[in-house]
Amino acid sequence: MRLKSGAGLVPRDLLPSGRVVDASARALRMIYQSRLAPKFDVNRGKNMNFVLSLLDSENENVTELAAAIISHSCKSSAEQLALCSAGVPQKLVSLFGGSVNLRDACLGSVTVVVQNNQDVASRFVTTVHGKCFRSVVGLIHDRNPSTRLLACRCLIALGHASPGHFQDKQIKTKLIMVLLELIEEPGHIGDEAPLALTTMIKDSFELQKQALATNAVEKLSNHLLAKPLETRQAVAILLALSELCSKLEESRSQMMSDEVSTLLLDALKHDWADIRVAACSCLKNISRSPKVLSGGRLSCDTVIGPLVQLLNDSCTSVQVAALGAICNIAINLTPRKSVLLNSGVVSHLVHLSKSMDPILRLKSVWALRNIMFLLSPKDKDFIVKELTLSTLSSLICDSEHFVQEQTLALVRNLVDGYVDSANFVIGEDGIIMNAIARQLNNASAPGVFVQGMYVLANIAAGNELNKEAVMNVLLPHRADRIKPLFAVNFLQSKDKQLRVATLWCLLNLIYPKCEASSGRAVRLQNAGVIQQVKNMINDHCLDCKLRARMVLQHCVNNADDCFM
């Protein structure tokens, strides 16, 4: 039979049979479940109409294919908005009454369409007077565990994307309880449930309180103790416990049974790197509490040794996690930092500060900064001798601004209240002061400027030699200076922390009882710095206003009426 050009009908014997359609849809669905599958651009040409036609099919394999395509290909907010505008989420919800496989596929697709998109999430929650949202809520009570898990994930995504539309405390509590129940399920469901719980409560004080009220810490701990550590679920539970301990002291206290403490110490020595990382994450958050480290099975004496050993681990993620724990422990061990110093941790941190990995450099310098905080002069000298001024200078000028910032914070703690350290920093041909001056003139990150100015403020609190070194940085002897003084720029900054830090530096330089204060005040006046301070007497930041008026009062006390 011949077909004329433009014919509108295809002969029945040329239409694909149901079996062919089924087989093709199943094959394509399997392809789109792979990360390597090509992306299907829903905003291109008639692709959206094609997806809608698949969703309208009476063949479940075809509608599952549509859900698989959406889950795989919807990556941008523009695609999410396009799918939402075309009514795709509502169509997906209308298919919840199908088979378990279709329902789960549609739930996964709804999650992809709404996640991290406030506009789409809020539209979904309010569509048809909340009917779609209530349909998802209803599925957390479904008989099928995979459906319950996917419904929980969908609600978590909606809550994160549009928290203003998801305020029902009862639903959130029920979500937590369902996820805790799903941990009992074997296989993939039990592995993923604690990860979903971690995502839900992350950085949320209120949700962590709700989880604590449902005995989440106790249930997770008991489950962890009842199973071997060599599982993905053990990793996931440790990470969930870590998040539960990130904000609440009561959660940390509940974690501190002898059994759990012993398990954590064993986990630090486990063969599997993921377990070691998760254990370090737990210790990082548990050690936010000074009480935890003061005694018991998980004291600082028992924890420091294994953590220091992990700094030599062959896995970078383990080293990073161990550094995170050491950073927190160093802050809470202020009265007993000899435990840290005697562990040999300083030499390990100095070594890692020279790593090619910027995260290792950052975390190791951060740990040194925390160890340096309120340290005795003798121990400060020990750390500086290990670190060396040349290494310190290199880190101040690191290629990564976050490393620069933490290094300057380390120097700030070094020179805080200790004249010999300040003398050390300004000595050695000014290598450190030159590095600081370079960053204050050329860096681009506000945090670098803030920490740099606090370093100068602390040095300026020292003797006349220290103050003069700071003046040489603020007012360099360059007759051909083209750039305006960074101190003036900082006083004009929108960052109130930077304005406050700069004012503190000026206060320490012109404190009236110091020998050459009046001369420094005159030099700052001539350079235009004091004029800028005058402009700040009504600064909207109360701290800035107070410091600015103190600077001007010091100028008066230095017997220079012209400043007023």
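**View 1. Phe40, a buried ring in the predicted model**. The relative accessible area of Phe40 is 14%. That value is under 20%, so Phe40 counts as buried. Phe50 is partly exposed, at 39% relative accessible area.

**View 2. The Phe40 and Phe50 pair**. Searching the whole structure gives four aromatic pairs. In the pair of Phe40 and Phe50, the ring centres are 5.9 Å apart. The planes meet at 45 degrees, so this pair is tilted. Phe40 sits in the loop between helix H1 (18-32) and helix H2 (47-55). Phe50 belongs to helix H2. The pair therefore ties together parts that are 10 residues apart in sequence.

**View 3. Phe449 and Phe490, a tilted pair**. Centre to centre, the rings of Phe449 and Phe490 are 4.8 Å apart. The angle between their planes is 40 degrees. Phe449 comes from helix H29 (residues 446-460) and Phe490 from helix H31 (residues 486-491). The contact therefore links parts that are 41 residues apart in sequence. Both residues, Phe449 and Phe490, are buried.

**View 4. Lys172 over Phe166**. Lys172 lies over the face of the Phe166 ring. The distance to the ring centre is 5.9 Å.

**View 5. Arg412 over Tyr454**. Here the ring belongs to Tyr454, and Arg412 lies over its face. Arg412 is 3.9 Å from the ring centre.

Methods:
Residues numbered from 1 in each chain as written. Predicted model: local features only at pLDDT ≥ 70, side-chain atom pairs only at ≥ 80, totals over all residues. Heavy atoms only, no water. Phe/Tyr/Trp six-rings, centres within 6.5 Å; stacked < 30°, edge-to-face > 60°. Helix = DSSP H or I, 4+ residues; strand = E, 2+ residues; numbered from the N terminus. Buried < 20%, exposed > 50% of the residue type's maximum accessible area, 1.4 Å probe, protein only. Lys NZ or Arg CZ within 6 Å of the ring centre and 35° of its normal.
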